[in-house]
Amino acid sequence: MTAPDETSVLLEIATTAIEHAVLKRGYPNDIASGHPELSRTHAGVFVTIKVHGALRGCIGDMDHQKSLGEAVLHAAVSACTRDTRFDAVEAKDLEGMSIDITLLEPMEIIRGEDDIVVGLPINTRVGARMR
C-alpha cells in the first residue's frame with residue numbers, strides 16, 4: 001500500500017498532467033521531476049478517468065521501466081487524450097472528473113497452468129480522488 005503522502009503526490013501529478021494536457025494542449029514534462037522520492041520506485045500503472053461517474057479513459061503501462069512519477073504522468077496524459085474508445089477529455093469535463101490510479105506489482109513468471117489461480121486477487125495499490 002502506498003503511504004498517504006505518496007498517494008496524494010501521485011494524484012496531484014495525475015491531476016496536474018491532465019489539466020495541463022486539456023487546458024494547454026501540451027505535455028507537462030517537468031511535473032514529476034519535482035518529486036525525487038518517486039524516482040527511486042519503478043512500477044507499472046493504470047490511470048482511469050471518469051467524468052460524472054462515466055468512464056472517459058483508461059490507459060496503463062506495465063513495463064516498470066519508468067519511475068513511478070513519470071509512469072503516472074504518461075498514463076494520465078494518455079488516458080485523457082489517447083484512449084480511442086472515447087472523445088478526449090475537455091475543459092468542461094474537469095469539474096466532474098475523478099481519477100483512479102492502480103499501481104501494479106512486478107510481473108511474475110508463470111511456469112505452467114498450475115501457477116494460475118482463477119479469481120485470485122492481484123496485489124495492487126490504489127488511490128482515488130474526486131474533484
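Is His 52 buried or exposed? At 67% relative accessibility, His 52 counts as exposed, where exposed means over 50% relative accessible area, buried under 20% and partly exposed in between (1.4 Å probe, protein chains only). The views below come from a predicted model, in which local features need pLDDT of at least 70, side-chain atom pairs count only at pLDDT 80 or more, and totals for chains, interfaces and linings use all residues. Residues are numbered from 1 along each chain as its sequence is written, and side-chain values use heavy atoms, with hydrogens and water left out.

**View A. The hairpin of E1 and E2.** Strand E1 (residues 44–51) runs antiparallel to strand E2 (residues 54–61), and seven bridges pair them; two strands pair if DSSP finds at least two bridges between them. Helices (H or I, at least four residues) and strands (E, at least two) are DSSP runs, numbered from the N terminus. Two residues separate E1 from E2 in this hairpin, and Val 51 stands opposite Ala 54 in E2. Look in the turn for His 52, whose phi is positive, at about 50°.

**View B. Arg 25 in the loop between H1 and E1.** Here is another positive phi to look at: Arg 25 has a value of about 55° although it is not a glycine. Most residues other than glycine have a negative phi. Arg 25 is exposed, with a relative accessible area of 68%.

**View C. Thr 15 in helix H1.** Thr 15 sits in H1, which covers residues 4–23, and is buried at 1% relative accessibility. Its side chain reaches the backbone oxygen of Leu 11 at 2.8 Å.

**View D. The largest nonpolar core.** A nonpolar core is a set of buried Ala, Val, Leu, Ile, Met, Phe, Trp, Tyr and Cys residues joined through side-chain atoms within 4.5 Å. The largest one has 30 residues, and those with the most contacts inside it include Ile 18, Val 47, Leu 68 and Ile 101. H1, E1, helix H2 (68–81) and strand E3 (97–104) each supply at least two residues of this core. Leaving aside residues up to four places away in sequence, Leu 68 touches several residues, among them Glu 6, Leu 10, Val 45 and Leu 103; contact means heavy atoms within 4.5 Å.

View E. Among the buried ones are Gly 69, Val 72, Ser 78 and Cys 80.

Notes:
Polar contact = N/O pair within 3.5 Å; in protein donor to acceptor, adjacent residues only side chain to side chain.
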